[in-house]
Amino acid sequence: MAPGISEAEAIDKAKAGDPECFELLYGLHKRRVYSLCLRMTGNTAEAEDLTQEAFLQLYRKISTFRGESAFSTWLHRLAVNVVLMHLRKKGLPEVSLEETMEPQQEDGPKKDIGARDNVLAGSIDRVNLERAIESLPPGYRIIFVLHDIEGYEHNEIAEMMGCSIGNSKSQLHKARMKLRDLLKTSRAEKALRR
Amino acid sequence: MNCAEFQKVLPYIIESGGNPEEEGHLASCPVCSDLVQDLRYIAEQAKLLLPMHDPSPQVWENIQGSLEREGLVKPARARGRLLGFIRKGAWPWVTAVWIALLVCLGIVA
């Protein structure tokens, strides 16, 4: 931030059309917006295009920002809407209802020998988790990013995605189950390489 | 309640908690307990993921270009020339005015 100017002042000036203050706001928020776009799309070129679009929309709409929420929250929601609009135009990926968890035995626990040794706690690092998230099918990835990374609640996701709260919970669960499988596989492969 | 029944409702109770039968199964079943522990751990680790990447400088250039084409901002080069003129041209005049003021006030002999 330039000395002597707060974010609130930069927002007011940007609302009045000050391009340098708008550039300041871009500098402050570009990383979070871009990371969101990248995680939701899994593609750097698309993420850059969407980041650009999000900030262009910001410039056009900043005069409507009333301060009822934090600016970062407002901008973040704008960016999410830009990404979702883009994905809808592409044909928002629907996760097949057939793509469910692995079938469980009807009675009794899974017969995993030494199951307690296989818990993930303490064995995930950021790089592996990011890679696993990138590998998720797009439909699962979107819900996981919105809920577990970006902190949206199921009712908010349901409204954004045009689905039910139950559907949001179900998709999130499938995403986490898929991540669990990916992370366990990655851990097992790492152990074999040693 | 068996594992299949528990895991069927798990998506809907993992955050809010289940009824006594569901919680009872969770407390007594190591497989389901491990599963829930893993899923919660993944969610916790995800919350810690910080934005790590910046977009390329081209993104800002594209934004500037678009805003200029739409007439929403003056071209950066024109803004720069104006600011440069002010910075270069005004400074000697400002200095001269200050000196004149100080002389008038008798601060400088």
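What you have here is a predicted model, where local features need pLDDT of at least 70 and side-chain atom pairs count only at pLDDT 80 or more, while totals for chains, interfaces and linings use all residues. Residues are numbered from 1 along each chain as its sequence is written, with chains lettered from A and ligands numbered from 1 in the order in which they are written.

Let's start with chain A. Its secondary structure comes to 8 helices and 0 strands (DSSP runs, H or I of at least four residues for helices and E of at least two for strands, numbered from the N terminus). Of its 194 residues, 35% are buried, that is, they have 20 or more other C-beta atoms within 10 Å of their own, with the C-beta atoms placed from the backbone.

Chain A splits into domain 1 (7–90) and domain 2 (115–193), with bounds from an automatic or database domain assignment. Taken over C-alpha atoms, the centres of these two domains of chain A are 25 Å apart. Their contact takes 6 residues from domain 1 and 8 residues from domain 2 of chain A; residues are in contact if their C-beta atoms, placed from the backbone, lie within 7 Å. On the domain 1 side, helix H2 (19–41) and helix H4 (71–90) of chain A each give two or more residues, and H2(A) has the largest share with 3 residues.

Now for chain B. Here 35 residues of chain B are in contact with 41 residues of chain A. On the chain B side, H1 (3–13), H3 (30–47) and H4 (57–69) each supply at least two residues, and the largest share, 12 residues, comes from H3(B).

Helix H3 (residues 44–61) of chain A packs against H4(B) at an angle of about 40 degrees, with the axes 9 Å apart (axes are lines fitted to C-alpha atoms, for helices over the stretch in contact, and angles run from 0 to 180 degrees between N-to-C directions). H3(A) and H4(B) are therefore oblique to each other. From H3(A), the contact residues include A:Phe55, A:Leu56 and A:Tyr59; from H4(B), B:Val59, B:Ile63 and B:Leu67 are among them.

Note on methods:
Two residues are in contact if their C-beta atoms, placed from the backbone, lie within 7 Å. A residue is buried if 20 or more other C-beta atoms lie within 10 Å of its own, exposed if 12 or fewer, and partly exposed in between; C-beta atoms are placed from the backbone. Angles under 35 degrees count as roughly parallel, over 145 as roughly antiparallel, 65 to 115 as roughly perpendicular and the rest as oblique.
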